[in-house]
Structures are given as structure tokens and as C-alpha cells.
Amino acid sequence: MSEQIEAIKDGVINGKHKEIEDMTKKAISDGVDLNKIINEALIAGMDVIGEKFSKNEIFVPEMLVSARTVKMALEIIKPLLKDEEIVDRGTILMGTVKGDMHDIGKNLVIMILEGAGFNVIDLGVDMSVEMFTQKVEEIKPDILGLSALLTTTMTEMKNVIETLEEKGLRSGVKVMVGGAPIDEKFAKEIGSDGYGKDASEAVRLARGCVEKK
Ligand code: B1M
């Protein structure tokens, strides 16, 4: 089974998008744990890609192919994470902040939140402050989830929270933040209600946010 994890991880690193669906299906039918596939193969593979990119060993086109490969594997896993028996735990509006196109982490967090019974509305990437606040006003979600992967875009989260306050919307919605450059300290400084390091922490956080409302 660990060979299958290694093979999928290698598939991500080398952008084997033609083979990834079959490899993922085979691993699942052989009983490999879904969390292992996500964490030890797909996320671990993207971490290697990130390191290679930092060292100029690969460039944006290779990162894109690997990203596409991960997305294809996640599409296979997605339906298996849904538990039809779970009741609606609340509505979450989720998006990646302005200037940021990274969505694999956000999409993964959405999948796990949906699997845990939340109704998640995905606003997509590169979302402006105005769009976030407009949608909060319109949809009145329990939680607004903000994702950022770039140190240059994480500051947008503060702008969203400040604008929610200015518009009198902040008290009606919990705001949770996440993404690789975010940490607990930053999350507190910008006045969010919490930080999720990964998808399972995001679920714990979301449950806590809804209970406190
Ligand atoms: Co980009 N990129 N990228 N990239 N990219 C990073 C983030 C980088 C760290 C790579 C590096 O240099 N090592 C670096 C950022 C450096 C920095 O800011 N300090 C970087 C850069 C520089 C760039 C460009 C500027 C490159 C360029 O053009 N020269 C450019 C920017 C484009 C833009 O957004 N404006 C760019 C472009 C891209 C691609 C488009 C090619 C592609 C994204 C494809 C896509 O998402 N559709 C890409 C990729 C794939 C990466 C890396 C390699 C992988 C990201 C990823 O998908 N990780 C990344 C390096 C890395 O992170 N190791 C990198 C897997 C994913 C599951 O993890 O997104 O962290 P993550 O999500 C996690 C947690 O963070 C958390 O849960 C998830 C699951 O555990 N989480 C939340 C995320 N959101 C959450 C929200 C929550 C709670 C938890 O609540 C709301």
C-alpha cells in the first residue's frame, strides 16, 4: 500500500495526469485510506513541487500540470467523502482572496467541510473585498472562509474583515482564515475568529464557530 502512496505522490510530482485517475481508483479499491492518499500522496507531492519551484528546478508550467494532476485525483475522492446521513451543520461562504489564484487547498477544505455536513458555497479565486462583503450581505452565511497562499495577498484578509465591520456585517458572521502563509498570530492580529492549519482543523474550527453563534 505504501508503494501505491509513493506512486501517486510521484505521479503528482511528475505531472502524470493521464495515469493519475487509474492509480487513484486502484489505490481506493485496494483499500488505501483516503486521508493517506490526500495527505501523504497529493499534499506531500505538492510540497515537493513547491520546494522544486523555490530552487528554480521547475517553473510555473510544471506547477500547473501537477496542480491539474492533484485536481483529477481529488475529483475521484470527492464523492467518497460525502456522508448522506449528515444533517446540515450551517452555511459557509468560501473563497480565495484578491490577487490569488491558488485553489487546491481551498477546494480540499471545501470537500472535507461538505463531507462533515456543512453547506459550502464556493466563491472561487481572486475574490475582491467588495464581492466578499456583497455575498455575505446577500447569503448571510454562518461562516466566511478566506484562503490565501501568497504573502502578498494574505493582507487582503484584513481588508475583508475591516470592510465587514464598516458595513455593520461583522457581528453576523464568523470569519475563519487559512492557507500556507497564515498562522495563529496573524489570524488574531487581523481580527478573525480562527485559523485552520489544514482541512481537518478547518472542520473543528467551523464546528466551534457555529456552536458559538
Ligand atoms: Co504558487 N506559489 N504561485 N502556484 N504554488 C506557492 C504558494 C509558493 C509557496 C511556491 C514557492 O515559492 N515555494 C509561492 C508563494 C511564495 C510566497 O508568497 N511567499 C508561489 C508563487 C510565488 C506563485 C506565483 C507568484 C509564481 C509566478 O507566477 N512566478 C504564482 C502566483 C499566481 C497568483 O495566485 N496570482 C503562482 C502560481 C501557481 C500555479 C497557478 C502554477 C499553481 C496553483 C494552481 C491552483 O491552485 N489551481 C501553484 C501551486 C500549485 C503552488 C504550490 C506548489 C502548491 C500549492 C498547493 O496546492 N498546495 C505552492 C507551494 C506549496 O504550498 N508547497 C505554491 C497543496 C494544498 C493542499 O495546500 O493550498 O496550503 P494549501 O492548503 C492547505 C492549507 O494551507 C489549508 O488547508 C489546505 C489542506 O491542508 N488551507 C486552509 C488552505 N486554505 C484554507 C482555508 C481555511 C482553512 C485552511 O479556512 C478558510
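Reply: The account below begins with the whole chain, turns to the nonpolar patch, and then follows the charged pairs and the backbone.

This is a predicted model, in which local features need pLDDT of at least 70 and side-chain atom pairs count only at pLDDT 80 or more, while totals for chains, interfaces and linings use all residues. Residues are numbered from 1 along each chain as its sequence is written, and side-chain values use heavy atoms, with hydrogens and water left out.

The protein chain holds 9 helices and 5 strands, where helices (H or I, at least four residues) and strands (E, at least two) are DSSP runs numbered from the N terminus. Followed along the sequence, these elements give the pattern α-α-α-α-β-α-β-α-β-α-β-α-β-α. The C-alpha trace spans about 50 × 45 × 25 Å along its principal axes. For 213 residues a compact globule would have a radius of gyration near 17 Å, and the 18 Å of the protein chain agrees with this; the radius is taken over C-alpha atoms, and the globule rule is 2.2 Å times the number of residues to the power 0.38.

The chain is divided into domain 1 (2-85) and domain 2 (91-212), with bounds that come from an automatic or database domain assignment. Their C-alpha centres lie 25 Å apart, and 12 residues of domain 1 are in contact with 8 residues of domain 2, contact meaning heavy atoms within 4.5 Å. Among contacts between residues at least 6 apart in sequence, 73% join residues at least 24 apart.

Buried residues make up 47% of the 213 residues; buried means under 20% relative accessible area, exposed over 50%, and partly exposed in between (1.4 Å probe, protein chains only). The chain exposes about 11,100 Å², of which carbon and sulfur atoms supply 51%; accessible areas come from the Shrake-Rupley method with a 1.4 Å probe, and for residues only the protein chains shown count as cover.

On this surface, Phe53, Val60 and Leu64 make a nonpolar patch of about 270 Å². Patches are made of residues with over 30% relative accessible area and no salt bridge, like charges being joined within 9 Å and nonpolar side chains (Val, Leu, Ile, Met, Phe, Trp, Tyr) within 5 Å. Phe53 belongs to helix H3 (residues 34-54) and, because its relative accessible area is 33%, is partly exposed. Val60 is placed in helix H4 (residues 60-77) and is likewise partly exposed, with a relative accessible area of 47%. From Val60 to Pro79 the separation is 19 residues in sequence and 30 Å in space, C-alpha to C-alpha.

Turning to charge, side chains of opposite charge can pair when their charged atoms come close. A search of the whole structure finds 9 salt bridges, a salt bridge being a side-chain nitrogen of Lys or Arg within 4 Å of a carboxyl oxygen of Asp or Glu. Among them is the pair of Asp10 and Lys16, whose closest N and O atoms are 2.7 Å apart; Asp10 is partly exposed at a relative accessible area of 30%, and Lys16 is partly exposed at 29%. Another joins Asp30 to Lys26, with the closest N and O atoms 2.6 Å apart; here Asp30 counts as partly exposed at 33% relative accessibility, and Lys26 is partly exposed at 46%.

Glu189 and Lys185 also meet in a salt bridge, at 3.1 Å from N to O. Because these two residues are 4 apart in helix H8 (residues 184-189), about one helical turn separates Glu189 from Lys185. Glu189 is exposed, with a relative accessible area of 53%, and Lys185 counts as exposed at 58% relative accessibility.

Two places in the backbone complete the view. Most residues other than glycine have a negative phi, and most peptide bonds are trans. Asp126, although not a glycine, has a positive phi of about 55°; Asp126 lies in strand S2 (residues 119-127) and is partly exposed, with a relative accessible area of 30%. Lys140 also has a positive phi, near 50°, in a residue other than glycine. Lys140 is found in the loop between helix H6 (129-139) and strand S3 (143-147), and is exposed with a relative accessible area of 64%.
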